Amino acid sequence: MRYKFDLEYNPNLPLHESVYATLRRAILTGDLAPGDRLMEIHLAEHFGVSRTPVREAIHMLAQDGLVVIRPAKGAAVAGISTDGMQDVLEIRRTLDIFCARLACLRMSSDELSELEKACDAFEKAAMTGSDITTIASYDVAFHDLIIKATRNKRLIEMMRNLSEEMYRYRFEYLKDAAKYPALIQEHKAICDAIGARDENAAAEASGVHIDNQELAIMRHIALYQDSSKKRK
């Protein structure tokens, strides 16, 4: 099997953690798709390492729920379940709405200017055919500015942890370029509401944004599951 990614080696970390970080990113970004087998010997050869750090990394990914290890079948990338997605998005929806409300009260004029620039940068990336990784990074940057503006350290930490879980779902959502115009408008609605210091409008726009993501991801998962059944 040919891989689209190379080992992200960090000399300050144990080797198995570098392998873990590399494989984790590959799964979150879709370079390793649900159902892809993780063959220790192939990955070890590709990374130029022994099988031991690869084996340890795979077990760490299994603990994260990103990999499934089955007796006699080995390890494979876990599927994206609707239950897992809904659990994450239910929490994210509530916290996003809260962040938007606080941002209306606490975001400075300089931060608002940065948010407007981030909104424009996302639109440019989405409409000029940038790769999904780039588009996702601009999406993250936009939301991070809102989260930072809350000035709430505990909330920021909670959102940081959730964002890692959201990353995989974000990539699924961004695979459909037909959704980009609506997504751009949703970002603008959130940005405009915060700029107007309208807490209710910001809360509503943030809720709609998450609801639309959930619907799009649910459709994608349903299509994936249907195609998987047909292949069997």
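Ala-72 lies in the loop between β2 and β3, where helices (H or I, at least four residues) and strands (E, at least two) are DSSP runs numbered from the N terminus. The model is predicted, so local features need pLDDT of at least 70 and side-chain atom pairs count only at pLDDT 80 or more, while totals for chains, interfaces and linings use all residues. Residues are numbered from 1 along each chain as its sequence is written, and side-chain values use heavy atoms, with hydrogens and water left out.

**Loop residues with positive phi**

- Ala-72 has a phi near 70°, a positive value in a residue other than glycine.
- With a relative accessibility of 89%, Ala-72 counts as exposed; buried means under 20% relative accessible area, exposed over 50%, and partly exposed in between (1.4 Å probe, protein chains only).
- Arg-197 also has a positive phi, near 60°, and is a residue other than glycine.
- The loop between α8 (180-195) and α9 (199-231) holds Arg-197.
- Arg-197 is partly exposed, at 37% relative accessible area.

**Sheet**

- Three strands form an open sheet in the order β1-β3-β2, with antiparallel pairing; two strands pair if DSSP finds at least two bridges between them.
- β1 and β2 are at the edges with a single partner strand each, so one side of each has no neighbour in the sheet.
- Strand β1 (residues 37-38) is joined by two bridges to strand β3 (residues 74-77), and the two run antiparallel.
- Arg-37 has Ala-76 in β3 as its bridge partner.
- Strand β2 (residues 67-70) runs antiparallel to β3, with four bridges between them.
- Opposite Val-67 stands Val-77 in β3.
- The hairpin of β2 and β3 has three residues between the strands, and Ala-72 is where the positive phi near 70° occurs.

**Helices α1 and α3**

- Helix α1 (residues 15-29) and helix α3 (residues 51-64) have axes that come within 8 Å and cross at roughly 50°; axes are lines fitted to C-alpha atoms, for helices over the stretch in contact, and angles run from 0 to 180 degrees between N-to-C directions.
- That angle makes α1 oblique to α3, since angles under 35 degrees count as roughly parallel, over 145 as roughly antiparallel, 65 to 115 as roughly perpendicular and the rest as oblique.
- The crossing of α1 past α3 is right-handed, meaning that the near helix is turned clockwise from the far one by less than a right angle, and left-handed if anticlockwise.
- Residues in this contact (heavy atoms within 4.5 Å) include Leu-15, Val-19 and Ile-27 of α1 and Pro-53, Ile-58 and Asp-64 of α3.
- The contact of α1 with α3 has 11 nonpolar, one polar and three charged residues; Ala, Val, Leu, Ile, Met, Phe, Trp, Tyr, Cys and Pro count as nonpolar, Asp, Glu, Lys and Arg as charged, and the others, Gly among them, as polar.

**Helices α4 and α7**

- Helix α4 (residues 82-106) packs with helix α7 (residues 153-174) at an angle of about 135°, their axes 10 Å apart.
- α4 and α7 are therefore oblique to each other.
- α4 passes α7 in a left-handed crossing.
- Among the residues that meet are Gly-84, Arg-92 and Phe-98 in α4 and Met-158, Ser-163 and Tyr-169 in α7.
- By class, 14 nonpolar, two polar and four charged residues make up the contact of α4 with α7.
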